Amino acid sequence: MDTLLFTHPACIGHDTGPGHPERPDRLRAVLTALEGESFHLLQRREAPEATIEQIARAHPDAFVRRLLAAVPESGLQPIDADTVLSPGSGAAALRAAGAGCAAVDAVLAGEARNAFCAVRPPGHHAEATRAMGFCLFNSVAIAAMHARLAHGLGRIAVVDFDVHHGNGTQDIFWSEPDLFYASTHQWPLYPGTGSEDETGVAGNILNAPLPPMSGGVEFRRAMERIVLPAVDAFAPELLLISAGFDAHARDPLANLELHEGDFAWATLELMRLADRHCGGRVVSTLEGGYDLRALALSTAAHVHTLMTGQ
């Protein structure tokens, strides 16, 4: 089962400043974990830069150009209390978005069964006209729009198991009945969205909030009873994953109690669903995860499952 890894050194060049949890060492930890012997068959490709046209399928053109123009020549430029621009941020954001588009191209062309995008900054908090929550452009939404508009797919689903609700993906998908977004996340928690009654224009949004201290049992129950049946009923032609690993018990930013085995289980269940509906075509993109050891172990478990189907 061929799996592609898309990444680029420019994604390390996004500097968020001292003490920021979304730091370059996150990607270094992920890439180190994927250098192990178990990953010698993992095919590696350089993530291209997304074009303005590709990004503007999910964000207004004026917003895209304004954000890129705000990238400083030196120092740090805060967007909000959590989100920062540095001289390397523009290139990193373009590569992160480009990774998703290139992964969609490769998987739909049959060059691989699935793909993982090891990139930063993350994207699922970026709304159509607002960068926030460590996120600049919404890479998974851009990938979904690319699959729809460049490849003509009719139904695309995103499943998000980051501990934080992907308010940005929900915002971009809200009025698009052929795009489905399903999320498990801690509730209450930043960004304050993701209640069960947020359902989109055509029931195309599904939220399965979990109370603090929920563990693997509660997570798997929510997936089995709520998320997987809904995505199965939607019958996507392509399945995208917002793969955040900050629901891990070691993560400092939230209070769920998952472990790497839970992420591997969820990955396998999503792959089985993709086998039923879209020839196994899955593209996964890194979102959160802020304890470096937990992030490395969880990413390794996720990618190993993508590669082996077990």
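Two strands count as paired if DSSP finds at least two bridges between them. Helices (H or I, at least four residues) and strands (E, at least two) are DSSP runs, numbered from the N terminus. All views show a predicted model, in which local features need pLDDT of at least 70 and side-chain atom pairs count only at pLDDT 80 or more, while totals for chains, interfaces and linings use all residues. Residues are numbered from 1 along each chain as its sequence is written, and side-chain values use heavy atoms, with hydrogens and water left out.

**View B. Strand 6 and its partners.** Strand 6 (residues 156-160) pairs in the parallel sense with strand 7 over five bridges. Ile156 has Leu179 as its bridge partner in strand 7. From strand 6 the chain passes through helix 6 (residues 167-173) to strand 7 in a right-handed β-α-β crossover, meaning that, with the strands pointing away from the viewer, the path from the first strand over the helix to the second runs clockwise. Strand 6 also pairs with strand 9 (residues 238-243), in the parallel sense and over five bridges. In strand 9, Leu238 stands opposite Ile156.

**View C. Burial of strand 7.** Eight of the eight residues of strand 7 (residues 179-186) are buried, so the strand is largely enclosed by the rest of the structure. Buried means under 20% relative accessible area, exposed over 50%, and partly exposed in between (1.4 Å probe, protein chains only). Leu179, Tyr181, Ser183 and His185 lie on one side, and Phe180, Ala182, Thr184 and Gln186 on the other. Six bridges join strand 7 to strand 8 in the parallel sense, and His185 has Pro209 as its bridge partner in strand 8.

**View D. Backbone details in loops.** Most residues other than glycine have a negative phi, and most peptide bonds are trans. The Trp187 to Pro188 peptide bond is cis, with omega about 0°; Pro188 lies in the loop between strand 7 and strand 8. Phe134 has a positive phi near 75° and is buried at 13% relative accessibility.
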